[in-house]
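Colleague: Before we rely on any labels, I would like to go through how each of them was reached. Could you put the values beside the cut-offs as we go?

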Amino acid sequence: MLCLSISNTYGQQKRKSSRRAKLEAAKRENLQKIQEINKIIEKTEQKKEVSVGKLNAIGERINKQTKQIDIISENQQLLENEAQELTRVTTELSGNLEKLKEEYAKMIYSSAKTSNKFNKLSFLFSSSNFNQLVRRYKYLQQYSQAREKQAVLIQKVRTELLAEQVNVL
């Protein structure tokens, strides 16, 4: 479930990045057009002629600046949506981390009861036959490996959570 939400979030981030790139390209294009219009205005001002061309250029500049404001507003909305999504993912990861910590604590508690070597040896040698001894030995090995995997998983989720928090900031 955790991998699905992370991969889903990655796909959404990729689409949002693509949309953001398009918005940035449109923003740059508008700024370039505004600069061109400003040059036209400067040329007409140099001739000291108040003409229809100057009025048209000013009207066009107003239109482009209005479009620029719309693009910036849309970009701001996109960023706000991304922040909300990152907050949701962070909350979800925090919940998963807490569950993993609880599971790990239970595992540690139960292993602490039987952790001393004498108890392990007693557990092994209290077997009724050799096959049972082998099965118990394998069980102890598997249990130790499961504890190690759980610790690694907790650390991985903690790292992802910190990375998400850094992204939000």
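Colleague: What makes the contact between the side chains of E82 and R20 a salt bridge?

Modeller: This is a predicted model, and in it the N to O distance between the side chains of E82 and R20 is 2.2 Å. The cut-off is 4 Å between a side-chain nitrogen of Lys or Arg and a carboxyl oxygen of Asp or Glu, so the pair E82 and R20, at 2.2 Å, is called a salt bridge. The two residues come from distant parts of the chain, with E82 in helix α2 and R20 in helix α1, 62 residues apart.

Colleague: Why is E82 called buried, and why is R20 called partly exposed?

Modeller: The relative accessible area of E82 is 9%, and because buried means under 20%, E82 counts as buried. For R20 the value is 24%, which lies between the limits of 20% and 50%, and therefore R20 is partly exposed.

Colleague: How do you know that R19 and E74 form a salt bridge, and which helices does the pair link?

Modeller: The closest N and O atoms of R19 and E74 are 2.8 Å apart, and since the limit is 4 Å, the pair R19 and E74 qualifies as a salt bridge. R19 sits in helix α1 (residues 2-46) and E74 in helix α2, 55 residues apart, so that this pair, too, links distant parts of the chain. R19 has a relative accessible area of 41% and is partly exposed, while E74, at 34%, also counts as partly exposed.

Colleague: Why does S127 count as buried, and where is S127 placed?

Modeller: S127 has 15% relative accessibility, and because the cut-off for buried is under 20%, S127 counts as buried. Its place is in the loop between α3 (117-125) and α4 (130-168).

Colleague: How do you know that S127 makes a polar contact with L133?

Modeller: A polar atom of the side chain of S127 lies 3.4 Å from the backbone nitrogen of L133, and the limit for a polar contact is 3.5 Å. Leaving aside residues up to four places away in sequence, S127 touches Q132, L133 and R136.

Colleague: Which residues form the largest nonpolar core, and which element gives the most to it?

Modeller: The largest nonpolar core has 7 residues, namely V89, L93, L97, L100, I154, V157 and L161. Helices α2 (52-113) and α4 each supply at least two residues of this core, and α2 gives the most, with 4 residues.

Colleague: How many helices and strands does the protein have, and what share of its residues is buried?

Modeller: The protein has 4 helices and 0 strands, and buried residues make up 22% of its 169 residues. The protein exposes about 12,600 Å², of which carbon and sulfur atoms supply 57%.

How values were computed:
Residues numbered from 1 in each chain as written. Predicted model: local features only at pLDDT ≥ 70, side-chain atom pairs only at ≥ 80, totals over all residues. Heavy atoms only, no water. Buried < 20%, exposed > 50% of the residue type's maximum accessible area, 1.4 Å probe, protein only. Polar contact = N/O pair within 3.5 Å; in protein donor to acceptor, adjacent residues only side chain to side chain. Contact = heavy atoms within 4.5 Å. Core = buried A, V, L, I, M, F, W, Y, C linked by side-chain atoms within 4.5 Å. Areas by Shrake-Rupley, 256 points an atom, 1.4 Å probe, with all protein chains shown as cover.
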